[in-house]
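Hello,

Here is the structure I said I would pass on. Please open it and keep it beside you while you read the notes below.

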Amino acid sequence: MNPGVDAMSVLGAVTALRDEVAAAELPLELPGVAAGRAARLALLNQLDDYVLPRLRSVDAPLVAVVGGSTGAGKSTLVNSVVDAEVSRSGVLRPTTTTPVLVHHPLDRRWFADERILPGLSRVTGAASDAETPGSLRLVESSSLPPGMALLDAPDIDSVVTANRALAIQLLAAADLWLFVTTAARYADAVPWDLLRDASERGTAIAIVLDRVPPEVMTDIRSHLAGMLREHGFTTAPIFGIPETRLTSAGRLPTADIARLRSWLTALASDARARTVIVRQTLDGALASLHTRASTMVGASEDQADAAEALTQVPASAYAEALRNVEHGMTDGTLLRGEVLARWQEYVGTGEFFKQVESAVAKVRDRITAAVKGTPPPSGDLGEALQSGVAALVAAQAHGASATIARTWRQLPGGDPVLADHPGLAQPAADLGPRIDRLVRDWQGEVLQLVRSEGRDRRTTARIAAYGVNGIGVILMLVAFAHTGGLVGAEVGIAGGTAVLAQKVLEAIFGDQAVREMATKARRHLLEQVQELYAAEQARYQLALAGLDDLAAQSVRLEKAATAVKAVR
């Protein structure tokens, strides 16, 4: 941090950013989401493992993480520096699976709790094969000066995925990265990818060039120094260790590591020098937070866009289904086939259709005379209408679910949602019974409408000639009387049916009342269908539960990252 910056303000802003990153979710399986999740985890780890602990304890001992490729000699180097067997070494790989943190006894309080690396449990004592994954072994050594700790990390190119991930996590928690490489492997791609990341974050670096044939030491050091300069490490020290035979204790000769040990001792003993390195790395980490958080923001925005697209599909599909039901209620298609046949049976003659256009009144009189005051048999006609309405509502519901499934499979993130909720590829299992109940309830409302309109004595007497059920069925038929959906001979037949049915009702209730009753009947049915489809749509909304906050999540992340940048 720059002098004069309010440390508490920085800590508060970083803490707020950490909370937003921790709360952020990338739930949809989109292209590139793995990278977004990895970026989130890496950012969260560095905030928890390094940035926040260092902001809270600027004077805590400097942590130098010893990292490098497989077989570079990291554990041997650590053992040699502290002149004790603190980390296992050998020819079997990997030798370091549980990271080892070596510190002076006086610095115990800085590492015994979860101040840094809170995700790793603490173990002490000698290494064992039974060590629990996810632990950090603490070793005290008086050979290491107070003010500095060495952390031996797993191989950055380990064949064990968990070890590689842990190595990268530990390097992000370092004040100083002590990068160990060899004459044969110093140009490998993997470590340089990590070195580039360290450069972008401003992490302090020191290089240990191990196992170098003495005759090529100068040339290799020069070449490595040039590579470091190209990556921005103009001040990184290089400590060359010649290829040599280990001592009987398995350590490097004292003379070969004398320069490195002296540098570490001087660094640990010089509070000002430690502070320079700590602030360099901390400032670099803070400066990188906005860019790294922006990656999270971008991933979150992608999620929000995908969630919005997925959410719109059910809404659009069921809105279209409802429009189709409304159209089907008024275009005459419900009057075709079975309904027309039952209407013929209802009026009791097959000849009246020929007379509808020229003598509607006469036909109506014949109907009245034929029934002689006895209610006509409306049951079959009512059942036909009920079946037609139920079939229309069900067909549109099935069409909506098919449209949603097909569209989701074409949208980013949609196919995995369907895989997790296979029932969404079709309507709910109880849709059929619910539709039957809906139609029955609607028919009950129509009958109640007839009773309400027929309260006066004269109207009641007219209704009695047909029966409430019969008038109700005729009202349903009139409600579906428009003929835009029929073709050919059906148009004339259905048109005559509508005219005749409407004239019968008008003779009972009057033309204005009939129009209002038909409108109410249609509206009531449509409202019930709308509620039914809303319940179906809710199944898809439940599958997408929690995704409605993704857009706000992106805004909160961006705001928190900008706040950190502002207080710096």
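The largest pocket in this predicted model has a volume of about 700 Å³. It is lined by 24 residues, and those closest to its centre are A42, I168, D197, R201 and R292. By type, the lining of the largest pocket consists of 13 nonpolar, seven polar and four charged residues.

Which helices supply at least two residues each to that lining? They are α2 (33-56), α5 (161-172), α6 (189-201) and α9 (271-330). The most comes from α2, which gives eight residues.

Next, look at α9. This helix has 60 residues, and at 1.5 Å a residue they should span 88 Å. The C-alpha atoms at its ends are 87 Å apart, so the two values agree. At the start of α9, the backbone nitrogen of R272 has a side-chain oxygen of D270 within 3.0 Å.

Last, the salt bridges. The whole structure has 18 of them. One of these joins K74 and D155, with 2.4 Å between the closest N and O atoms. K74 is in helix α3 (residues 74-82), while D155 is in the loop between β5 (148-152) and α5, so this pair ties together parts that are 81 residues apart in sequence.

Regards

Note on methods. Residues numbered from 1 in each chain as written. Predicted model: local features only at pLDDT ≥ 70, side-chain atom pairs only at ≥ 80, totals over all residues. Heavy atoms only, no water. 1 Å grid on protein atoms, 1.4 Å probe; cavity = no way out; pocket = protein on both sides within 12 Å on 5 of 7 lines; lining within 4 Å. Points joined across faces, edges and corners; volume = space filled by probe spheres on them. Helix = DSSP H or I, 4+ residues; strand = E, 2+ residues; numbered from the N terminus. Nonpolar A, V, L, I, M, F, W, Y, C, P; charged D, E, K, R; others polar. Expected span 1.5 Å × (residues − 1). Polar contact = N/O pair within 3.5 Å; in protein donor to acceptor, adjacent residues only side chain to side chain. Salt bridge = Lys/Arg side-chain N within 4 Å of Asp/Glu carboxyl O.
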